[in-house]
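Let's walk through this structure together, one residue neighbourhood at a time. Have the sequence and the 3D view ready.

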Amino acid sequence: MDRVNIYSDTVNIVTEKDQVVFNYDYSKVDNQNKDINAISKIEIRLSCNNLPNLDKTSKSDPRVIVFYQDKRFEDKKTVINWIRIGSTETVDDNLNPEFTKSFIFDYYFEYLQNLRFVVLDMDDEAIDLEDNDYIGYIDLSISDLLSESKSKKCTFKLNSEVPEGMGFKKNMIVGFNATITLSLEILKDNNYYALMNISGKNLDKKDVFGKSDPYFIIYKKTPNDSWAKVYQSIVIKNTLNPDWTGIDISLLQLNSGDDKKLLKIEVWDWDRDSEPDYIGGFEATFEEIKEKKEFELINDKKKEKNENDKKSKKNYTNSGSLVFNRILIKEDQSFSSFTLGGTEIDVDFAIDFTNSNGEPDHVTSLHYINPKFDPMDFYSMNDYQKAISAIGYVLEPYDTNKMMGAYGYGGCFNKSTKPSFDYPLNDNPEHPKVLGTRGVLDTYTEALKKVALYGPTNFKPMIEKIRTESRANVSSASVNGHRTLLKYNILVFLTDGTITDMEETIHEIELASRYPMSIIIIGVGRANFDLMKKLDSDDKTVDYRDIVQFVPFNKFIDNPFKIASETLAEVPFQLLSYARKNDVYPPFAVRTVEKEEPKK
């Protein structure tokens, strides 16, 4: 049962006369010791229409109470609390009220942020909240609002039923037709990025028959004092004085929007057939980088070896230097402006039906369906179902028709004796989409009854299929001189092992990087997935957009928050990277406004 009015340690609420600012600390429930950054702040304003008149001698006196869903996964149980975060003012004697007080939220793409709006007719003699006359409620997520509010406003019919766990008494009004309207405004976007030209000078020579093949990696310090990789350059071959130009990286990615956050930059020598050789590195804040511009690269092991070598005739100074020749901070379209401005997210799941999963009717199979399976109970699912639900329910609101692709690969489908690698699990190639995450789960379960597990594990056909579809995602005609991004594809692979067509898949990913799409790969089971990391753009000698994220499912198996945040956090930056490189804009213009927040 949902619990109501339970206060949470993850919450910070600042209440002023005309607004409530609400912050939810996802690091407390995610617990991954990494930076979790809001994409933007949004403001919600409320109004109602056609409210029932529940007062005998006058009209109703409405007020809206706002709740936030605190959902946790603890001890293999799902616990849901509804946190009361505030309310509007009461508008006396009005069946069509417009409320003054607004609500401000941090928006995160990778989390499902559920809100509840409860409308009451306030009674002066009421002692407890439940003593007031109940009118109705609506449950919505912030992502629902962003996808539905194409005109920055959306209206919903109020539900006259009382939500589970709330002690209100249902009104018995006949012909109930009350509505609530939510107006949305983007207050502040973290939409700045750094455009940089970087060069290396006099780097150490690492190759026997050449110079060096350098590339660099940028890390940022995380809350638990570890280093998180945020950027990797391309490899420039056979040079000690490389130039990297046109590097663009979101400040949210680079330093969480904090120029005083410590960064670490390492320069490496790439080798085709062996591990890379470390050249040198340094640590500095972005504030220091912008001011100083040039930094010595120090290789501590080489320095220590030199100091301990008494026969050495040359003292170690450095291993070259890294120079920031140009740093421009630019403001760009934000991810929120695309979702609010009409760009839809199109999701397709590709599920592994190779025989290495084990026969579905065996308890040890990765495809085994629990006899007590409940689509609402995360812990009753197998690993494939868990991954589908964790990702699907977060992405579902961004497509207005809620249709998702459900494909299978590596199995023999529909009585065929040959394996397919892009087969629609609903057996309908012309219309392969199903309704929502629940539809994907149901279609997957039905497919298990008919499929013959086979092999091998090939990714290329499925990537090629979605890449071909994504060609139509950008408008052919320009609006105000710009093409618009109508849709962005996310292809989610679920696999139990390393792929067979590695080189073909790498080539197909390079082609796909030119199109509006991202690829998420989730490794299910206990196989060794080390080779899969090769797909995650970590070792590239060609400059193409990073569109792949690989995650081993076992690392986050018991918490869908962790699964979703780990796999989806990069998608907004991948979409914006495509938009910048291809000069595309949202279908509808979205205005961003700056407002001061209340002092804490």
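Leaving aside residues up to four places away in sequence, Thr-457 touches Asp-352, Thr-354, Tyr-409, Thr-495, Gly-497, Thr-498, Ile-499, Thr-500 and Asp-501, where contact means heavy atoms within 4.5 Å. Thr-500 is 43 residues from Thr-457 along the chain, and their C-alpha atoms are separated by 5.3 Å. Thr-457 sits in the loop between strand 25 (452-453) and helix 9 (460-470); helices (H or I, at least four residues) and strands (E, at least two) are DSSP runs, numbered from the N terminus. Thr-457 counts as buried because its relative accessibility is 8% (buried is under 20% relative accessible area, exposed over 50%, partly exposed in between, with a 1.4 Å probe and protein chains only).

A word on the source: this is a predicted model, in which local features need pLDDT of at least 70 and side-chain atom pairs count only at pLDDT 80 or more, while totals for chains, interfaces and linings use all residues. Residues are numbered from 1 along each chain as its sequence is written, and side-chain values use heavy atoms, leaving out hydrogens and water.

Now look at the backbone. Most peptide bonds are trans, and most residues other than glycine have a negative phi. The bond from Gly-455 to Pro-456 is cis, with omega near 0 degrees, and Pro-456 is found in the loop between strand 25 and helix 9. Asn-238 has a positive phi of about 50 degrees and lies in the loop between strand 14 (227-232) and strand 15 (243-250). With 47% relative accessibility, Asn-238 counts as partly exposed.
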